[in-house]
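Thanks for making the time this morning.

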Amino acid sequence: MTNGAPERTPTGGRLTSGNERLDAVLGGGFPAHAINLVVGPPGSGKTILAQQYVFHNATVERPAVYLTTVSEPLEKVLRYGQTMAFFDASTVGRAVFYEDLGELLGAEGLDGVLGRVDRLLREYRPAVIVIDSFKALQPYAGDQGEFRRFLHRLAGRLSAFPVTSLWLGEYDAAELSTAPEFAVADAIVRLSSDRIGQRELRVLQVLKLRGSGFLSGGHAYRLSAAGIEVFPRLADPVDPSAYAMPAQRTSSGIAALDAMLADGYWPGAATLVAGPSGSGKTLIGLHFIVSGARRGEPGLIATLQENPTQLERVAQGFGWSLGEDGIELLYRSPVDLLVDHWVYELLAAVERTGARRILIDSLGDLAFAAGDEVRYREYLYSLVQRCSRRGVSLLMTFELPDLFQVTRLSEVGISHVSDNVVLLQYLRQQGRVKRTLTVLKTRASLHEPQIREFTITAEGITLDDEPGDERLGDPAPH
């Protein structure tokens, strides 16, 4: 016995939600035939989450019972519930039963609630029972001892039936370690909000899941008419297992750059193209995508800068079109971007289109949208590793603040996991400004580390025939 409540061992399988990613966070779903606590502040989505489980699992043979107490009026729960896509009005009164315990609490207290739960269990033999809000029951106990006895008796009754319980409540952080209901719970899920700059990020975290594994850490989620949509934290652990790597290189789309790279990129390689504004980063990315599509390698452009109309105008200036076969465009504004959602959109688009090449334009906008440097690095590392294992080539652009004499790339935060690093710079020479290109790094191959001048023509990027003067700048920023 802990905190006056019996330790329990859940039996049975899993209660799924209908949301594959949410179930994955919970290791397959909430433990069935167990007591599960969902905690969070007002407006965090506790009621939505509970009803999502109710309508996904209720049947006429094994219905669901949803009990409100004195925190949220039943009429309000139903009114907002009916706006959700999963709410099936035809099942209410047949497979889903709602009941308000408010008056009973006022008249008979906790004993009345216990008796009513007893009768509901015998009458409906439900698969799921929800108490919303469970925390609101505590003030009806004369003291802590009375509440612990009520909790012990309720847990015992629920354990005697094959029913999965969801208890909802607005508990604060201090109560997580002191409230007795947390000891009796088999699973505890917390919904909260993190402030990142001027943005608010909704976060779901599993605090406890007895006898089972789960995905640790905070997972972003959003509320919509479909319910709660969860985006599990993309933080892949190191995988030392071997995987096949193609032996034939892929072209960058620029013949002279291929030569500097020792005949192009390795398939599955991650390439960072860094340079100041207007230096040609996006254009190098378009070369990469368009040339690949014309070779039968579908490409995906994930842009956070130019909108589709602007980017199409850029492409048409060089005789290309984003409407060509094998080119997919994913445009999102970084101003109101949920990075967690964006990453899963990107991965889904790669799966759907069979993309072999990806352009991310740009990492600076992605870092701005993430707001949290740790999350930004976790997502990029995991994305690079997933692309490598699938043989999908990744090209990422990053804008540098220095127009001339670039000496540092370390603040980019991804150069160390990139297989190739291409640096673009400006050169002042005799009253003119010229563009230069340097291949700083090519993993697992030789490369030409010289500074080359290039021009932008109607055909795209054209490198000069001869290497540039060594006085152009330091070819090896760190």
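Before the spaces themselves, a word on residue classes: Ala, Val, Leu, Ile, Met, Phe, Trp, Tyr, Cys and Pro count as nonpolar, Asp, Glu, Lys and Arg as charged, and the others, Gly among them, as polar. Please keep in mind that this is a predicted model, in which local features need pLDDT of at least 70 and side-chain atom pairs count only at pLDDT 80 or more, while totals for chains, interfaces and linings use all residues. Residues are numbered from 1 along each chain as its sequence is written, and side-chain values use heavy atoms, with hydrogens and water left out.

Let me take the cavities, where a cavity is a set of points, on a 1 Å grid over the protein atoms alone, at which a 1.4 Å probe fits but cannot get out, and where lining residues have an atom within 4 Å of a point. Grid points are joined across faces, edges and corners, and a volume is the space filled by probe spheres set on the points. On that basis the structure holds 3 cavities of 30 Å³ or more, and the largest cavity has a volume of about 50 Å³. Its lining divides into 9 nonpolar residues, no polar ones and 1 charged, and among the residues concerned are Val339, Trp342, Leu366, Arg375 and Tyr379. Helices and strands here are DSSP runs, helices being H or I with at least four residues and strands being E with at least two, numbered from the N terminus. Helix H10 (339-353), helix H11 (363-370) and helix H12 (373-390) each supply at least two residues of the largest cavity's lining, and H12 gives the most, with 5 residues.

Now the pockets, a pocket being an open set of grid points with protein on both sides within 12 Å along at least five of seven lines. The largest pocket holds about 380 Å³ of space, and of the 21 residues that line this pocket, Gly43, Gly45, Thr47, Ile48 and Glu72 are the closest to its centre. H2 and helix H3 (74-81) each contribute at least two lining residues, and by class the lining has 7 nonpolar, 9 polar and 5 charged residues.

The second largest pocket has about 290 Å³ of space. Its lining consists of 16 residues, with Glu200, Leu201, Asp336, Leu337 and Leu338 nearest the centre, and the elements giving two or more residues to that lining are S9, S10, H10 and H11. S9 gives the most, with 4 residues, and the lining as a whole divides into 8 nonpolar, 1 polar and 7 charged residues.

Let me turn to the rings. A pair of aromatic rings is described by the distance of the centres and the angle of the planes. Rings of Phe, Tyr and Trp (its six-membered ring) pair if their centres lie within 6.5 Å, with planes under 30 degrees apart counted as stacked, over 60 as edge-to-face and the rest as tilted. A search of the whole structure finds 12 aromatic pairs. One of them, Phe30 with Tyr53, is tilted, at 5.0 Å centre to centre and 45 degrees between the planes. Because Phe30 lies in strand S2 (residues 30-31) and Tyr53 in helix H2 (residues 46-57), the pair ties together parts that are 23 residues apart in sequence. Buried means under 20% relative accessible area, exposed over 50% and partly exposed in between (1.4 Å probe, protein chains only); Phe30 is buried at 1%, and Tyr53 is buried at 0%.

The rings of Tyr265 and Phe288 have centres 5.8 Å apart and planes at 80 degrees, so this pair is edge-to-face. Tyr265 sits in the loop between helix H7 (255-260) and strand S12 (270-275), and Phe288 in helix H8 (residues 281-294). Phe134, Phe147, Phe150 and Trp167 form one aromatic cluster.

Which ring does the charged end of Arg249 sit over? That ring belongs to Trp266, whose centre is 4.1 Å away, where the criterion is NZ of Lys or CZ of Arg within 6 Å of the ring centre and within 35 degrees of the ring normal. Arg21 likewise lies over the face of Tyr344, at 5.0 Å from the ring centre.
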